Amino acid sequence: MELICPAGTPAAFREAVEAGADAVYCGFRDETNARNFPGLNFSREELRQSTALAQRKGVQTFVALNTFMRAGDEALWYSAADDAVALGADALILADFGLMAYVAEKYPQQRLHVSVQASASNADAIRFLVEAFGARRVVLPRVLTVQDIARLTRQIDCEVEVFAFGGLCVMAEGRCSLSSYATGKSPNMNGVCSPASHVRYRQDGADLVSELGAYTINRFGPGEASGYPTLCKGRFDVGGVEGYAFEDPVSLDVIDEIDALRAAGVSALKIEGRQRGKAYVAEVVSSLKKALDATPAERAVLVARLRTMSEGQRTTAGAYDKRWR
Amino acid sequence: MQSLPLFLAKPVDVAPLWLVERVARLIFSGVLKAHPDLFERLGTYRQARYCFSPTDLPLHFTVVPAAQTLAVSRGQPPQADARVEGPLLLLLGLLEGRCDADALFFSRELSVTGDMEAMLALRNALDDSAIDLPRELGRLAGPLSFLVAGTARFIRSKALEGRDTTWN
Amino acid sequence: MTTNAGKPALSLGPVYFLWDGPKWRDFYFRIADEAAVEHVTLGETVCSKRQHFSEPHIAEVVERLEAAGKRVTLSSLAMVTLPRESRHVRDLIADSIHPIEANDLSALGLLKGRPHAIGPLVNVYNAATARLLAARGAQNICLPPELPAASIHPMLAAMPDFSFEIFAFGRMPLAISARCAHARSKGLTKDNCQFVCGEEPDSLPLRTLDRQSFLVLNGVQTMSNSCVVLVDDLAPLVEAGLSRIRLSPQDCDMVEVAGLYRALLNGRIDGEEAIAGLARVYPGVRFSNGFLHRQEGAAWVSRGRNAATGRD
């Protein structure tokens, strides 16, 4: 299985290449990708240098253009696709049908990968993407169990990539307007979930309170591990009971399932985290690289170390395990 | 492990502000000169006022990148757009991109307040800049650079022991 | 396509909540007999586990609606992951003599070449996507509730002859998950849920730790606590060629809601009267229209210059 690694900066890109990535994915510094955070991502020139470095090292570069084209501003997305192709991207990771159609028609030779944001969760959906746009690979949404994935790969003529480690969307990706409901910035149109511009941390006595827009998302006691004020990992009151209504502040970790995913016919494992620092990228990529060829006992050691890097310092197998539902 | 060794904290504690400020300014302007890409990545946030408050020193460092100004103060934290608090050596580790800010934040070792977008921009800009503080310090020390850089590296490796072993 | 030439048609979206069979049936019987809507889209959309509640009544409901002159469309599932769910979508599309409204990508693929509709849970954010879907047989697209007027106008302008619909009344579907937060809140899991979402026919409120109203749970779906109400915002969109206005059923008198919208569109009442009427029919619920104004979805932008033009 290939290891697909995140890079939010050229420095992280170099770390990922050094640490053993088979492919590095990244995006431009604008709304065309779903990690549109301040100070993050690549200029055209930075992408040119990075793809050149990757090519010298035999590593592939995937460019994520995985937001939805805002009507009236489509030119931003079209020119990003043109430039990514011209700068030597090995694959474009796309979510918007209009943009897929543009790339499929204008650059029929270009490898087109379907982003997790497109939410292709079953065989008929993937057949549609292969038939309509010539998709070569689909990144599966984090709503499927390992058994679901094994059944799926047998039914389709398309490579499958799954998330193995990092941030975990609790909701079906690309189909969530919770953040824009609270902030007015849309993950789908502006490329940012729980935007920093609307995040506030407030000390309330001994508690740390996190807020998103006008809403309290969580309250952490002294010394309690904290997380991003991401809506789906907030603490709320439902029926008079306080708790994590959707999911605890945890990260996804399916290192224990590596053999099962390989047997299920998965082509590539993806690491989430373009918004994380280069230290994180280096650590996670090298650990997963080792884990791919390690015995289960060796894997357990690698997992324990990675857990300290995670949100809430805990991890979950998420939807890959049926009991999660 | 992360708090400043006493033999280092004590002299800084009693040193006159102007001296601390002078040294910090020298490092700051050296870093800015050596890493012009930092500005580009900061975008509009280069105008922001950042305050760094080491929890193991009675000092606050306030920086405005665009103006290339740095001020050191004692007592109440000064006005700033964004503030980060934590042990000095972790703050320096962050500056160098050796420690993962998110991991430190999740573990509550760092606390961040104010304009999160400004802080995020700075974090990401620093992360891409490959700053090496011992080297920057060494540059300032002129003929003694070898000695200063070596000592600084030694302190860093002791302080960040177990945090950066596999990151370098 | 509309029965009132020159005016947009009113359409009733599918019931997103779990209502027991008789309640569901009687709701549609009354819609058939009394509601001023031209189009009705129905069928379980949110969770495949709920299908057996409404299925025994679909035939009689469709018959009654058609006898009353309503155009009926059947809604497909929003999220399809299990073989049983895939089979259901395939059978629905193969067997139905009614047009289908696609709510996921599997339905989009299977409906190619057949007249069909696109639901608000499919990501249509621009005219390039709408054109592609239209070329495959889509005849009506209900746009996602998140779209601002600034995006809707260019789409209406790019495809002047196409039927676009917007979500103008009801709690907004904001997210869907493989996990059931509704069941979890009652100590259960999705696989063993005992259909507890049926205990809240108008959804289960979720508040912040500071007791702010925020969201509601509806099985695997998360919706807005506020009810979207587009009233004064409609005129510029209608003028620009909007074809249909969707009312999403809540557990309130939807015949009255439809009557108020019809009166508004006919110019018999103004926006203020419509809002006052809606507040009477659906009391205790906050209204919102922020998405249309490119603000947070929870916001309410009151009538004024901004509201009148639908632009910021």
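Start by selecting Asp237(A) and Arg207(C): the residue of chain C is the bridge partner of Asp237(A) and sits in β8(C). This is a predicted model, in which local features need pLDDT of at least 70, side-chain atom pairs count only at pLDDT 80 or more, and totals for chains, interfaces and linings use all residues. To find your way, note that residues are numbered from 1 along each chain as its sequence is written, while chains are lettered from A and ligands numbered from 1 in the order in which they are written.

**Widen the selection to the two strands.** Strands pair if DSSP finds at least two bridges between them. Strands here are DSSP runs (E, at least two residues), helices are runs of H or I with at least four residues, and the numbering starts at the N terminus.

**Now look at where the chains touch.** Here 53 residues of chain C are in contact (C-beta atoms, placed from the backbone, within 7 Å) with 55 residues of chain A. Next, colour the elements that give two or more residues to this side of chain C, including α6 (127-135), β7 (163-176) and β10 (221-229). Which element gives the most? Select α5(C), which supplies five residues. By type, this side of chain C has 25 nonpolar residues, 18 polar and ten charged. Asp, Glu, Lys and Arg count as charged; Ala, Val, Leu, Ile, Met, Phe, Trp, Tyr, Cys and Pro as nonpolar; the others, Gly among them, as polar.

Select Cys47(C), Cys180(C), Cys193(C) and Cys197(C), where an unreviewed UniProt entry places the feature "binding site". Such annotations may be inferred rather than shown by experiment; the feature names are shortened, and the positions follow the numbering used here. The four span 151 residues in sequence, yet no two of their C-alpha atoms are more than 11.6 Å apart, so they gather at one spot.

Zoom in on Cys193(C), in the loop between α8 (181-184) and β8 of chain C. Is Cys193(C) buried or exposed? Cys193(C) is buried because 21 other C-beta atoms lie within 10 Å; the cut-offs are 20 or more for buried, 12 or fewer for exposed, and partly exposed in between, with C-beta atoms placed from the backbone. Beyond four places in sequence, its contacts include Lys49(C) and Cys180(C).

**Last, colour by confidence.** Chain C has a mean pLDDT (the predictor's confidence in each residue, from 0 to 100) of 94. Residues 1-5 of chain C stay under 50.

Conventions. Two residues are in contact if their C-beta atoms, placed from the backbone, lie within 7 Å.
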